[in-house]
Amino acid sequence: SSPPFLKAKAALIRSSRSVGPSSSEYRYVEVERFDGRKGKESLFSRPSAVVPRPDGSLLVVAHGSNELVTLDVSGVVRERSRGGLAGFDRPFGAAYLPDGTLFVTEFNGDRVSRIAPGGEVAVFGAKGRGPGGLIGPEYAAVDSEGYLYVVDFGNARVCKYDDAGAPVLAFGTKEPAGGFPGFSSPTGILASGGIL
């Protein structure tokens with residue numbers, strides 16, 4: 001079996017040598033695929049987020065199997081977490097702070113779990129529309145200052161929390177306000193270079 005890089009390079013060359021009209025549009029080439037099943041064994045179900053880790057492994061947020069699964073660079077399951085004693089309630093998104101603290105959004109639980117590098121778990125957020133409240137939190141991102149941003153799907157907004165989980169602010173509404181057309185179904189977020 002060829003290494004993933006070689007397979008990707010071959011696929012890129014094959015696509016650029018087609019007889020049809022050429023396109024200058026950049027194409028993505030699949031380098032590797034990690035299936036949720038191996039034969040009859042289920043490794044994870046309905047992944048909703050994949051977060052790269054500094055050691056090259058991947059954290060898969062498995063919404064369907066209600067767990068976090070760590071895969072090494074070869075796709076071998078190295079660790080599973082179901083959220084400690086309280087357990088996750090349909091994890092959906094995840095984001096890391098530079099110190100290794102992990103935030104996991106829980107769609108059905110209307111909350112966020114904060115998992116410290118030592119394994120200590122704290123939960124914040126509660127079902128609601130007020131400050132810090134969440135209804136169906138989905139994706140998460142952390143900015144360079146250590147603030148957490150959570151897509152609050154049910155409230156059609158983005159909530160901002162400090163690194164300990166205290167609410168800072170929320171923005172966006174379902175209805176137009178102050179020249180902003182509002183969110184209808186926010187489903188993703190990224191923080192990069194000081195821009196959200």
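## Sheets, rings and a buried serine

Strand E3 and strand E4 (residues 58-62) pair in the antiparallel sense over five bridges. Helices (H or I, at least four residues) and strands (E, at least two) are DSSP runs, numbered from the N terminus, and two strands pair if DSSP finds at least two bridges between them. Within this pairing, Pro-52 stands opposite Leu-58 in E4.

Before going further, please keep in mind that this is a predicted model: local features need pLDDT of at least 70, side-chain atom pairs count only at pLDDT 80 or more, and totals for chains, interfaces and linings use all residues. Residues are numbered from 1 along each chain as its sequence is written, and side-chain values use heavy atoms, with hydrogens and water left out.

### Two sheets

E3 and E4 belong to an open sheet of four strands, ordered E3-E4-E5-E6 with antiparallel pairing. At its edges are strand E3 (47-52) and strand E6 (77-81), each of which pairs on one side only. From one strand to the next, the twist averages 20 degrees; axes are lines fitted to C-alpha atoms, for helices over the stretch in contact, and angles run from 0 to 180 degrees between N-to-C directions.

Another open sheet of four strands runs in the order E13-E14-E15-E16, again with antiparallel pairing. Here strand E13 (137-142) and strand E16 (167-171) are the edge strands, each pairing on one side only. The twist in this sheet averages 20 degrees from one strand to the next. Inside it, strand E14 (residues 148-152) meets strand E15 (residues 157-161) in an antiparallel pairing over five bridges. Val-151 has Val-158 of E15 as its bridge partner.

### Aromatic rings

The structure holds four aromatic pairs. Rings of Phe, Tyr and Trp (its six-membered ring) pair if their centres lie within 6.5 Å; planes under 30 degrees apart count as stacked, over 60 as edge-to-face and the rest as tilted. Two of the pairs share Phe-124:

| Pair | Centre to centre | Angle between planes | Type |
|---|---|---|---|
| Phe-103 and Phe-124 | 6.2 Å | 80 degrees | edge-to-face |
| Phe-124 and Tyr-161 | 5.0 Å | 55 degrees | tilted |

Phe-124 lies in strand E10 and Tyr-161 in strand E15, so their pair ties together parts that are 37 residues apart in sequence.

Buried means under 20% relative accessible area, exposed over 50%, and partly exposed in between (1.4 Å probe, protein chains only). Phe-103 counts as buried at 1% relative accessibility, Phe-124 is buried at 10%, and Tyr-161 is buried with a relative accessible area of 1%.

Elsewhere, ring pairs join Phe-92, Phe-107 and Tyr-139 into a cluster.

### Around Ser-113

Ser-113 is found in strand E9 (residues 111-115). This serine counts as buried because its relative accessibility is 4%. Its side chain makes a polar contact with the side chain of Glu-106, at 2.4 Å. (A polar contact is a pair of N or O atoms within 3.5 Å; within protein, one must be able to donate a hydrogen and the other to accept it, and residues adjacent in sequence count only if both atoms are side-chain atoms.)

Leaving aside neighbours within four places in sequence, Ser-113 is in contact (heavy atoms within 4.5 Å) with several residues, including Phe-88, Phe-103, Glu-106 and Val-121.
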